[in-house]
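Here is a set of exercises to work through with the structure open beside you. Try each task before you read its solution.

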Amino acid sequence: MDTQQLHILAIGRNAEIMTVMQRLLNTPENWKGLTVTTNEAALAAFDQESFDIVLLCAGVTPEEEATLTAHFTQRNPDIIVKRHFGGGSGLLKNEILYALEHR
Amino acid sequence: MANTILHKADTRGHADHGWLDSHHTFSFANYYNPERMQFGALRVLNDDVVAGGRGFDSHPHDNMEIISIPLEGALEHKDNLGNTVITEAGEIQVMSTGTGVFHSEYNAYADKTARFLQIWLFPNQLNVTPRYDQTKINIADRKNTLQQLISPDKNGEGTWLYQDAWFHMGRFDKGISTTYNVKKTGNGVYLFVISGSFSIDGQELNTRDGYGITDPGQLNITALEENAELLVIDIPLFS
């Protein structure tokens, strides 16, 4: 991965897990993460900031996933929108590296 | 396209944290190999050794089916669902993490090593209500046969999870053969040798080797050593 900072938005309904995700997403030097628990907050953040990856976490339904993905990709065709599994433990780094390599 | 994939034991990822020595069949934590991301819905197969009295502090999971199979020693499990239990060799632990669970896993003994397999599957349903289940298995019943540990059936032998997956284990005398037929059309089979060596349709596998078959049909399994032990994971190929 290059040294350019990676901006990540994570949306999930479990506030405790999103608190952990907030820490994990801001741990690597070249990552900057924002976590939100509502779709409204996600849409607002997306309008205000530039993101490279959006992670859809637990509690986001498949219907919401479709709606959010359509919105984000319409605003930014280069955005990576990905379902995140595992709650941050073990898979987060792998998911992001793989998504960047296979965008 | 090949219909098999061989993961030799010494090609797995490895992390030695002192208190935890872990081998990763698939990409996990700081081990990243884009060719080793998953086998269908099977995403994690960690072979963990935990030092006495040490363990994993409380941490979250969601939307994963997490199976722990102790091979030696015991783990003390605590979670925010209210469970505080000890899981020992001969038992199977399943967590359907769904909307989110926090848990810790510690070696239950201060003076003994704990060895266990930690296996994560993508679920077939998102955002389920989290659940914890633990089942005792009679190890004697897997002598020279494949014993079912896990299935999708709540009333099936062993325990169950939110995926069309079946787990079997068997411990075999040298020269004993058996067959395995995939449980669901479209599933693949991932075999993991816990100890000893086997021939699977002519492919020799040794301790901690993994072998995925995407069009399994009927598998012919022969133990090549005494007390050879095998885990068979019958798994959807697409999560």
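**Exercise 1. In what order do the 7 strands of the open sheet in chain B lie, and which strands are at its edges?**

Solution. Start with the sheet as a whole: in this predicted model, the strand order in chain B is β2-β3-β4-β11-β6-β9-β12, with antiparallel pairing. Next, look for strands that pair on one side only: these are β2 (13–16) and β12 (131–136) of chain B, the edge strands. Then follow the twist, which averages 15° from one strand to the next.

Strand β9 (residues 91–96) of chain B is joined to β12(B) by 6 bridges, and the two run antiparallel.

**Exercise 2. Describe how domain 1 and domain 2 of chain B meet.**

Solution. Begin with the bounds: the domain assignment gives domain 1 as 13–136 and domain 2 as 139–236. The C-alpha centres of these domains of chain B are 20 Å apart. Now count the residues in contact: 22 from domain 1 of chain B and 20 from domain 2 of chain B. On the domain 1 side, the elements that give two or more residues are β4 (42–50), β6 (65–72), β9 and β12 of chain B.

A record can be set beside this assignment. An unreviewed UniProt entry places "domain: Pirin N-terminal" at residues 12–121 of chain B. That span is 0% helix and 59% strand, and its end C-alpha atoms lie 18 Å apart.

**Exercise 3. Find the residues of the UniProt "binding site" annotation in chain B, then decide: is B:H59 buried or partly exposed, and is B:E105 buried or partly exposed?**

Solution. The annotation, from an unreviewed UniProt entry, covers B:H59, B:H61, B:H103 and B:E105. These residues are spread over 47 residues of sequence but cluster in space, with a largest C-alpha distance of 12.9 Å.

Take B:H59, in strand β5 (residues 55–61) of chain B. B:H59 has 16 other C-beta atoms within 10 Å, so this residue is partly exposed. Setting aside neighbours within four places in sequence, B:H59 is in contact with A:S89 and B:F102.

Now take B:E105, in strand β10 (residues 101–107) of chain B. Burial requires 20 or more other C-beta atoms within 10 Å. B:E105 has 23, so B:E105 is buried. Not counting residues up to four places away in sequence, B:E105 touches B:G55, B:F56, B:L75 and B:H77.

**Exercise 4. Why is strand β17 of chain B largely enclosed by the rest of the structure, and with which strands does β17(B) pair?**

Solution. First, burial: 7 of the 9 residues of β17 (residues 187–195) of chain B are buried, so the strand is largely enclosed by the rest of the structure. Next, pairing with β22(B): this is antiparallel, over 8 bridges. In that pairing, B:N187 has B:P236 as its bridge partner. Then strand β20 (residues 210–213) of chain B: β20(B) pairs with β17(B) over 4 bridges, again in the antiparallel sense. Here B:Y190 stands opposite B:G212.

**Exercise 5. Where does A:N26 lie, and what does A:N26 touch?**

Solution. Locate A:N26 in the loop between α1 (15–25) and β2 (31–36) of chain A. A:N26 counts as partly exposed because 14 other C-beta atoms lie within 10 Å. Beyond residues up to four places away in sequence, A:N26 touches A:W31, A:K32 and A:G33.

Notes
Residues are numbered from 1 along each chain as its sequence is written. Chains are lettered from A and ligands numbered from 1 in the order in which they are written. This is a predicted model: local features need pLDDT of at least 70, side-chain atom pairs count only at pLDDT 80 or more; totals for chains, interfaces and linings use all residues. Two strands pair if DSSP finds at least two bridges between them. Axes are lines fitted to C-alpha atoms, for helices over the stretch in contact, and angles run from 0 to 180 degrees between N-to-C directions. A residue is buried if 20 or more other C-beta atoms lie within 10 Å of its own, exposed if 12 or fewer, and partly exposed in between; C-beta atoms are placed from the backbone. Two residues are in contact if their C-beta atoms, placed from the backbone, lie within 7 Å. UniProt positions are given in the numbering used here, feature names are shortened, and annotations may be inferred rather than shown by experiment. Domain bounds come from an automatic or database domain assignment.
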